[in-house]
Amino acid sequence: MSAAPPITATLPEPRADWALFLDFDGTLVEIAERPDQVVVPARLRPLLGALTEALGGAVAIISGRHLDGLDALLGSTRPALAGLHGLERRSRDGRIHRPPDHGDQLDGLRKAMHAFARQHPGAIVEDKGSALALHYRSDPALEHAARALIEHHCESLGDAFRLQSGKQVLEVGPAGHDKGTVIEAFMTEAPFQGRTPVCLGDDVTDEDAFAAINRLGGHAIRVGTDRPTAAGYELASVNEAYQWLNRLARQLQPRH
Ligand SMILES: [Mg+2]
């Protein structure tokens, strides 16, 4: 476990040899009441295009959503992607990396989550196939009951699955994959290899990424200021993240 560096007020000076890893919800888009209600700002696609050009393609989105959902939201930009908190990954060259799907082992929990959501209108089940998320953003008081239900089922699922907590969401998915392992995988291949990794993220699941970034000698930047972090830098909001990323893209833009 790498020690958390103290938060530094001044962000690192942008460099053309960076590899950029960006969380999606809460970092590039404001978190919505339901994941399917998220609004992608018009400024996102041009920003991703400019960053990709400035960094030789070494830009990846690292999200808890699945790859297809991310593609639908990102349109034709097609950056390198990691979905389901690192479980699935698309390399820059388009190759998909995905372990065998054991989502059927979650059927008992799946039924229990749907029954819970019928009983509690503030709860929403997001079925990602190989992972299941229970959101309670509309009714945060449901956390205790939701956690008890999931922990009960996790006992019978054994070590092959793990429970992850996020912002008003609890998620169960295969163990052994997280946002840190997926960054390490990207860093072994082009165009990421040999670059300095830089990661922006807002949630608890991004801490795995920040720990990996610290091990790799990169820069971890937390978006938002509401919890302890292993990141060495912070940006206060999604808006500040856009301002900083835009400045980075402008500063590093190759001269034509
Ligand atoms: Mg996030």
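Me: What do the buried residues of α4 pack against?

Reply: In this predicted model, they pack against α3 (107-119), β7 (132-135), β8 (161-166) and β9 (169-174). Packing is read from contact, meaning heavy atoms within 4.5 Å. Helices (H or I, at least four residues) and strands (E, at least two) are DSSP runs, numbered from the N terminus. A bit of housekeeping: residues are numbered from 1 along each chain as its sequence is written, and side-chain values use heavy atoms, leaving out hydrogens and water. As the model is predicted, local features need pLDDT of at least 70 and side-chain atom pairs count only at pLDDT 80 or more, while totals for chains, interfaces and linings use all residues.

Me: Which residues of α4 are buried, and which are exposed on the face turned away?

Reply: Buried means under 20% relative accessible area, exposed over 50%, and partly exposed in between (1.4 Å probe, protein chains only). In α4 the buried ones are Ala146, Ile150, His153, Cys154 and Leu157. They sit on the same side of α4, because they cover an arc of only 110 degrees around the axis; that arc is taken from the directions from the helix axis to the C-beta atoms. The face turned away from that buried side carries the exposed His144, His152, Glu155 and Ser156.

Me: Why would residues in a helix point the same way?

Reply: An α-helix has 3.6 residues a turn, so residues three or four places apart do that. You can check the length of α4 (residues 143-157) too: at 1.5 Å a residue, its 15 residues should span 21 Å, and the end C-alpha atoms are 21 Å apart, which agrees. The expected span is 1.5 Å times one less than the number of residues. Just after α4, glycine 158 takes a positive phi of about 75 degrees.

Me: What salt bridge does aspartate 23 form?

Reply: A salt bridge is a side-chain nitrogen of Lys or Arg within 4 Å of a carboxyl oxygen of Asp or Glu. Lysine 179 pairs with aspartate 23, their closest N and O atoms being 2.9 Å apart. The whole count is 20 salt bridges.

Me: And which residue meets aspartate 25 in a salt bridge?

Reply: Arginine 65, at 2.7 Å from N to O. Arginine 65 lies in the loop between β2 (59-62) and α2 (67-74) and aspartate 25 in the loop between β1 and α1, so this pair ties together parts that are 40 residues apart in sequence. Both arginine 65 and aspartate 25 are buried. Leaving aside neighbours within four places in sequence, aspartate 25 is in contact with Ile31, Val38, Ser63, Arg65 and Asp202.
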